[in-house]
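Okay, thanks for making time, everyone. I'd like to walk you through one model today, so let me put it up on the screen.

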Amino acid sequence: MLLAAAVALALMGTAWEKPRVAATTAEKASQPSPAPTFYKDVLPVLQDKCQSCHRSGQPAPMPLMTYEQTRPWAGKIAAAVDMKMMPPWFADPRYGKFSNDPSLSAEEIKVIGAWADAGAPAGNPQDAPAPRQWSEGWNIPEPDVVLKMPRPVPIPAHGEVEYTYEIVPTHFAEDKWVQMVEVRPSSAAHVHHAVVYIRPPDSAWLRHAPVGEPFTASMLSDPQERRQAHETTSDLLLVYAPGSAPDRWADGMAKFVPAGSDLVFQMHYTTNGEAASDQASVGLVFAKKPPKQRVVTLQLNNHALLIPPGAEDFRVEVQGTLPNDATLLSLFPHMHLRGKRFEYDIVHDDGSVEPLLRVNYHFHWQLSYKLAEPRELKAGTKLRAVAWYDNSKNNPHNPDPDKLVTWGDQTSQEMMVGFFDVAIPAGMDKWEFFIRNGGDRQ
């Protein structure tokens, strides 16, 4: 009996202990997880996805490099990332994969929201990752050469500004292959976009225009050169818009700048109520050895667009056929204030359409979309660009919904341009690319 009682007591003791252990585990499970902190959880996201723009000298309105700089904006940051307004990215995720997609993951959005809700705690500075090393003033490695517009361009506080040009000699004594390139305006807030053209020494384009000082097409005395300012076959070194990333071509690919070339800056300035001046620079990083492929920028555009007054979803299309094989690298749509959506497609011989990119267009954030996997395209491939415009009163950016809108440089007019970068054999230039195998030019 004593033994039985002892066993019974032992079993009772065991039975009573188990609930205590289970209760302790349940209590631990019910305790809330510690709130995310700036140094441990938020700063890594900022370094990876935000600081390329949110640092001194870049286009974003405030730096997000330190806790002190970031904390006052915690609520607004959380709201912006929750609505997927930041980081800016407008590609429909159902079509295409892009190497420069800065979108935050669902977990990153959740972390930033929880951090803001908890009062934006700093946490332990020892948890911080090592500071990201940025080249001073550049988002590319330290450039081998920086070419700057010799004269600043005055920008008025109000009104429309005609496209402004400035020709900058490179003084290159030998041919150069450019693997990375970045444009840096000195007043990014006033730059709607910029195009930097390569003018080879044998080009007749704008040969009577001034060199080293700003000018507009209307300032040129020759009517032919006034037209030339808006129409050129010269290759593009880079297209820039606020928020767009520098061009970084893979090893074995680069843009070609012949010896003795000039760079022609075409600057589209917009006014914002404050007078300023701009003196843009372009930084070049050269390829370490001659590449196997040359990168050229092509475009699909439709100058004949006529957008009726009040039209909410007006469609404009253009198609083109590649005359030779090429490797598609990136896509850069361009419209103005009425721009709504833009897409690039391949139209197959059977009539089926393969979307490459669909963008919910944002005038203030014109981005280049770089393919995660370059696409080999055979000669004869049909490419199509389609743009939709909102010329109605429901478009808050529309300067005049009662106006018939035509093609033009100013933001009150419209454009429809589908830039795209392709790689072709290094020994082929743009003119040769447009000659079909039979000898006909496309």
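**A walk through the model**

Let's start with R184, which sits in strand 4, residues 176–184. Helices here are DSSP runs of H or I with at least four residues, strands are runs of E with at least two, and both are numbered from the N terminus. Before I go on: this is a predicted model, where local features need pLDDT of at least 70 and side-chain atom pairs count only at pLDDT 80 or more, while totals for chains, interfaces and linings use all residues. Residues are numbered from 1 along each chain as its sequence is written, and side-chain values use heavy atoms, with hydrogens and water left out.

So, is R184 buried or exposed? It counts as buried, at 17% relative accessibility. Buried means under 20% relative accessible area, exposed means over 50%, and partly exposed is in between, using a 1.4 Å probe and protein chains only. What is R184 in contact with, leaving aside neighbours within four places in sequence? The list is G57, Q58, G137, W138, Q279, A280 and S281, where contact means heavy atoms within 4.5 Å. As for N139, it is 45 residues from R184 in sequence, with 9.7 Å from C-alpha to C-alpha.

Now to the helices. Two packed helices are described by the angle between their axes and the distance between the axes. Helix 4 (residues 74–82) packs with helix 5 (residues 106–117) at an angle of about 150 degrees, and their axes are 9 Å apart. That makes helix 4 roughly antiparallel to helix 5. In these terms, axes are lines fitted to C-alpha atoms, for helices over the stretch in contact, and angles run from 0 to 180 degrees between N-to-C directions. Under 35 degrees counts as roughly parallel, over 145 as roughly antiparallel, 65 to 115 as roughly perpendicular, and the rest as oblique.

The crossing of helix 4 and helix 5 is left-handed; that's the word if the near helix is turned anticlockwise from the far one by less than a right angle, and clockwise would be right-handed. On the helix 4 side you have A74, G75, I77, A78, V81 and D82, meeting I109, I112, G113, W115 and A116 in helix 5. By class, this contact has 8 nonpolar, 2 polar and 1 charged residues. Ala, Val, Leu, Ile, Met, Phe, Trp, Tyr, Cys and Pro count as nonpolar, Asp, Glu, Lys and Arg as charged, and the others, Gly among them, as polar.

Helix 5 also packs with helix 2, at an angle of about 130 degrees and with the axes 10 Å apart. That makes helix 2 oblique to helix 5, and the crossing is left-handed. F38, D41, V42, V45 and K49 of helix 2 meet E108, V111, I112 and W115 of helix 5. The classes there are 6 nonpolar, no polar and 3 charged residues.

Next, the loop between helix 4 and helix 5, which is where L104 is found. L104 is buried at 12% relative accessibility. Beyond its neighbours within four places in sequence, its contacts are V45, K49, V81, P87, I109 and I112. P87 lies in that loop between helix 4 and helix 5 as well, and a cis peptide bond joins it to M86, with omega about -15 degrees.

On to the aromatics: how many pairs are there? The structure holds 14. Rings of Phe, Tyr and Trp (its six-membered ring) pair if their centres lie within 6.5 Å; planes under 30 degrees apart count as stacked, over 60 as edge-to-face, and the rest as tilted. F38 and W115 have ring centres 6.1 Å apart and planes at 40 degrees, so that pair is tilted. F38 lies in helix 2 (residues 38–49) and W115 in helix 5, so the pair ties together parts 77 residues apart in sequence. F38 is buried at 1%, and W115 is buried at 0%. F433 and F434, on the other hand, form an edge-to-face pair, 5.4 Å centre to centre with 85 degrees between the planes. F433 is buried at 1%, whereas F434 is partly exposed at 24%. Back at F38 and W115, these two form one aromatic cluster with Y39 and Y67.

A120 has a positive phi of about 55 degrees although it is not a glycine, and A120 is buried at 3%. H171 has a positive phi too, near 60 degrees, but H171 is exposed at 69%.
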